Protein chains: 2
Amino acid sequence: MEKSYVSVFLLLVAISCVLAKDIGKKETKETKPKLPQTLSRGWGDQLIWTQTYEEALFRSKNSNKPLMIIHHLDDCPHSQALKKVFAEHKEIQKLAEKFILLNLVYETTDKNLAPDGQYVPRILFIDPSLTVRADITGRYSNRLYAYEPSDISLLYSNMQKALKLLKTEL
Amino acid sequence: MEKSYVSVFLLLVAISCVLAKDIGKKETKETKPKLPQTLSRGWGDQLIWTQTYEEALFRSKNSNKPLMIIHHLDDCPHSQALKKVFAEHKEIQKLAEKFILLNLVYETTDKNLAPDGQYVPRILFIDPSLTVRADITGRYSNRLYAYEPSDISLLYSNMQKALKLLKTEL
């Protein structure tokens with residue numbers, strides 16, 4: 001029993017690259033971004049991405065589409081690996097068109113976006129009623145909203161789940 | 001006296017395209033953005049732009065550079081005209097490198113960014129001590145942070161003013 005605990009612990013450490021709060025320490029090491037920078041940041045250049053959380057909430061409510069928020073970091077290999085799989089997965093890219101999309105490298109001040117902490121990669125869904133879908137989770141019990149590249153099918157089915165809105169219009 | 005009031009009023013109406021709050025009404029008319037979308041949105045593709053207000057505040061404090069926030073709208077001809085002049089003005093583009101830069105089409109929830117209302121185009125400077133430089137204003141008494149293309153020299157000198165930090169490091 002103790003053994004399985006340890007292996008789960010190691011896995012959790014592996015997938016939670018770095019606490020987003022730690023970005024500050026790495027500011028000086030940061031490499032210059034490729035110009036001009038894109039809103040997609042490589043998560044799907046052909047998709048329409050919102051810029052800010054405020055914009056995303058507004059558009060989600062207004063369009064009655066669920067919001068998908070991807071927290072990631074440029075210098076996190078786990079984020080990069082997930083991004084590659086996400087961008088190359090045709091069905092996911094197609095399904096993503098049905099969402100309001102936002103990818104963030106900086107945390108917002110909204111604690112609702114960190115139900116179990118600030119880590120990356122972390123994917124959350126918000127219903128157009130502006131409810132965080134805390135029930136839509138990945139495979140890791142201590143990092144509920146983390147996904148590894150091998151979890152891409154689970155992410156796809158979670159996207160399908162998110163498209164079933166909590167409150168549908170009458 | 002009454003006459004001059006009227007002309008000032010007309011001018012103010014002319015430069016304040018649309019209240020940012022009204023965006024909602026125009027959502028359905030919106031044209032599809034050019035893909036991939038850039039963070040610069042044409043305000044200077046060779047400059048480094050931050051994505052969100054949180055990121056901008058963090059970077060400003062961290063780098064001790066003032067923050068310049070441009071509120072604008074894609075379908076506002078006054079914003080577009082100012083953008084053209086801003087992007088083509090070599091001295092401004094050069095000086096802009098000394099700032100943390102953010103351009104927004106959606107308002108944040110921070111009321112400090114709308115000292116005299118939510119209108120576009122509207123340019124505000126924030127000191128790295130995270131103080132809004134409400135003293136750095138344009139030419140229009142009722143829209144203090146609005147600039148017309150003909151005000152570009154004033155904007156340039158206001159940028160120079162903003163670079164003189166309120167609190168310099170000892």
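Modeller: A cavity here is a set of grid points where a 1.4 Å probe fits but cannot get out, and its lining residues have an atom within 4 Å of a point. The model is predicted. By this rule there is one cavity of 30 Å³ or more, and about 60 Å³ of space lies in the largest cavity. Chain A contributes A:Thr52, A:Tyr53, A:Glu54 and A:Thr108 to the lining, while chain B contributes B:Thr52, B:Tyr53, B:Glu54, B:Leu104, B:Tyr106, B:Glu107 and B:Thr108. Helix H3 (53-63) of chain A and helix H3 (53-63) of chain B are the elements that each give two or more residues to this lining.

The helix to examine is H4 of chain A, residues 77-88. Its twelve residues, at 1.5 Å a residue, should span 16 Å, and the end C-alpha atoms are 17 Å apart, which agrees. Within H4(A), the buried residues are A:Ser79, A:Leu82, A:Lys83 and A:Phe86. Seen down the helix axis, the buried residues of H4(A) fall within an arc of 105 degrees, so they line one face. An α-helix has 3.6 residues a turn, so residues three or four places apart point the same way. On the face turned away from the buried side, H4(A) carries the exposed residues A:Pro77, A:Lys84 and A:Glu88.

The cover over the buried residues of H4(A) includes strand E1 (67-71), helix H5 (90-96), strand E3 (122-126) and helix H6 (152-163) of chain A. A:Phe86 is among the residues touched by A:Leu155, as are A:Met68, A:Ile92, A:Ile123, A:Phe125 and A:Tyr147. In the largest nonpolar core, of 42 residues, A:Phe125, A:Leu155, B:Phe125 and B:Leu155 touch the most other members.

Definitions and conventions: Residues are numbered from 1 along each chain as its sequence is written. Chains are lettered from A and ligands numbered from 1 in the order in which they are written. This is a predicted model: local features need pLDDT of at least 70, side-chain atom pairs count only at pLDDT 80 or more; totals for chains, interfaces and linings use all residues. Side-chain values use heavy atoms; hydrogens and water are left out. Helices (H or I, at least four residues) and strands (E, at least two) are DSSP runs, numbered from the N terminus. The expected span of a helix is 1.5 Å times one less than its number of residues. Buried means under 20% relative accessible area, exposed over 50%, partly exposed in between (1.4 Å probe, protein chains only). The arc is that of the directions from the helix axis to the C-beta atoms. Contact means heavy atoms within 4.5 Å. A nonpolar core is a set of buried Ala, Val, Leu, Ile, Met, Phe, Trp, Tyr and Cys residues joined through side-chain atoms within 4.5 Å. On a 1 Å grid over the protein atoms alone, a cavity is a set of points where a 1.4 Å probe fits but cannot get out, and a pocket is an open set with protein on both sides within 12 Å along at least five of seven lines; lining residues have an atom within 4 Å of a point. Grid points are joined across faces, edges and corners, and a volume is the space filled by probe spheres set on the points.
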